[in-house]
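Hi there,

Here is the structure I promised to pass on. Please have a look at it first, and then read my notes below.

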Amino acid sequence: MSTSINLPIYLDYASTTPVDPRVAQKICDHLTLDGNFGNPASRSHKFGWKAEEAVEEARSHVANLVGCDPREIVWTSGATEANNLAIKGIANFYQSKGKHIITSKIEHKAVLDACRQLEREGFEVTYLEPSEGGVITIESIKAAIREDTVLISFMHINNELGTINDLKSIGELARAQGIFFHVDAAQSTGKIEINLADLPVDLMSFSAHKTYGPKGIGALYVSRKPRVRIEAQMHGGGHERGMRSGTLPTHQIVGMGEAFRIAKEEMVQDTKRIQALHDRFYESVSEIEEIYVNGDLSKKVGNILNISFAYVEGESLIMALKDIAVSSGSACTSASLEPSYVLRALGRKDELASSSIRFSFGRFTTEEDVDYTLTLINHAVERLRELSPLWEMYLDGIDLDTVDWQTH
Amino acid sequence: MAYSKKVVDKFENTINEPAKYNVGRFDPKELNIGTGMVGAPACGDVMKLQIKCERQGNTHVIKDVKFKTYGCGSAIASSSELVEMLLGKTLEEAKEIKNIDIVEALELPPIKIHCSVLAEDSIKQAIEDYEQKQ
């Protein structure tokens, strides 16, 4: 095996990405006395003016990547805060219009838990089942809409599966009914084109650290046409036109701006290269017997690939792949000791959910990384199946569903 | 999940040298074989343990053991550890093995205690199966 390869290999880009060196440089330029360190809210001196200028330039970069007006971008501490601000902000502001919200079972916890909180405050929430392929169907939304539905919230790209929701159709449906539409787009930026000028979306959440920017910074798009209003969740100095108070972290904001500027510039070549890596990986891995792709291959992005290796438990596979950084839907890798709720919502049996590994590729993934990973996977799956009583039963032609298991 | 070095080593040795670590199967129909299988796929772990015994005087001695385990790293390490404890023991001695012995040998974290319980259940069941055949 190649010795020039850097181990461990990082294939968990959907979890977070390293900061692009160009972004890191930009951040460093906005920290120290000889840099642009000022408070963007300081109106009385040049330090403040210069910092404000940098923040506004970054805002334009973000707006430019997603096709909106810079005045529609509100800085937040990340996508979690953006999701909270959007969902609670709409619910609180428009509660006289209605108290029903529609979302799905495969949303990020930041959306699900914000909705749970609203339920405690007297709102009603419908959690839609996704299709078997991991997308939300228009029919299921239509069936769930009520007279008092005030907000629909779905993710653009699912973080575990990479599946893509059809924002245009969902948005048109929502708009025709006068319902606000929020989209969690934390996984989308730099991976798929977003043109808000052309999309019937009212609010959209973004994160910097999934797109080679720093952690701790994100943004919420709040549409101006049609005008959408939200109730602030963080009160203070009235920053961000009152929607989100708190001194703007100039260095993080310019980091996000630079990351999104680069994403705009390099998206086409990046996604093309990553799709090729994905295809190379998938072609080879699909030769392994009894593997299942989670999420519809024809409706997903190329940077995320979620596979269940039947009869092998996910945590043990991750342990056997110690030179590869990936994540698993196994209960044993989660704090809740439950297998992935996303895979279960697709109707996957618990054991297949527990056998799943999410591979996510990124800007710095090489062909050598992919090939080396494939070698390790083939080896590990073979070894763990040799060790698996379930694999033995499968080879003996025993249907595992008919076995009387002694659960404990 | 931060495992002890003992769990990691046991796991890696077992998957890298399965034959040496008694991974395999006996014919469960043989009279000198006792089989125990515990756990469930939906719970994330299944252990299958088989003992091959020989009568010596008025007792029975475990001469060989084979196992297969589907489960997390510590489930695999726990069964492998148990197998090592069983070799050469009489059935009476084997019955004395408790899950805590495995917990201590591998320094299992509290969240993984159930793996050792499963291992204890598997030997109990294997002995029961063997004794029924005698």
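How many residues of chain B are in contact with chain A, and how many of chain A with chain B? On the chain B side there are 35, and they touch 29 residues of chain A. Please keep in mind that this is a predicted model, and that the values below are computed from it.

Let me stay with the interface for a moment. Together the two chains bury about 2,800 Å², and carbon and sulfur atoms account for 64% of that area. If you want to find the residues of chain B that lose the most area to chain A, go to B:Ile15, B:Pro41 and B:Tyr70. Together they make up 22% of what the chain B side buries.

Now to chain A itself. You will find twelve helices and 13 strands in it. Its radius of gyration is 23 Å, close to the 22 Å from the globule rule for 408 residues, so chain A is as compact as a globular protein of that length. Along the principal axes, its C-alpha trace spans about 75 × 55 × 35 Å.

Taking contacts in chain A between residues at least 6 apart in sequence, 72% join residues at least 24 apart.

Finally, the surface and the charges. Chain A exposes about 17,100 Å², with 49% of it supplied by carbon and sulfur atoms. Chain A carries 42 positive and 57 negative side chains, and the centres of these two sets lie 9 Å apart.

Best wishes

How values were computed: Residues are numbered from 1 along each chain as its sequence is written. Chains are lettered from A and ligands numbered from 1 in the order in which they are written. This is a predicted model: local features need pLDDT of at least 70, side-chain atom pairs count only at pLDDT 80 or more; totals for chains, interfaces and linings use all residues. Side-chain values use heavy atoms; hydrogens and water are left out. Helices (H or I, at least four residues) and strands (E, at least two) are DSSP runs, numbered from the N terminus. The radius of gyration is taken over C-alpha atoms; the globule rule is 2.2 Å times the number of residues to the power 0.38. Contact means heavy atoms within 4.5 Å. Accessible areas come from the Shrake-Rupley method with a 1.4 Å probe; for residues, only the protein chains shown count as cover. Lys and Arg count as positive and Asp and Glu as negative; His and the chain ends are not counted. The place of a charge is taken as NZ of Lys, CZ of Arg, CG of Asp or CD of Glu. Buried area is the accessible area (1.4 Å probe) that two parts lose on being put together, summed over both.
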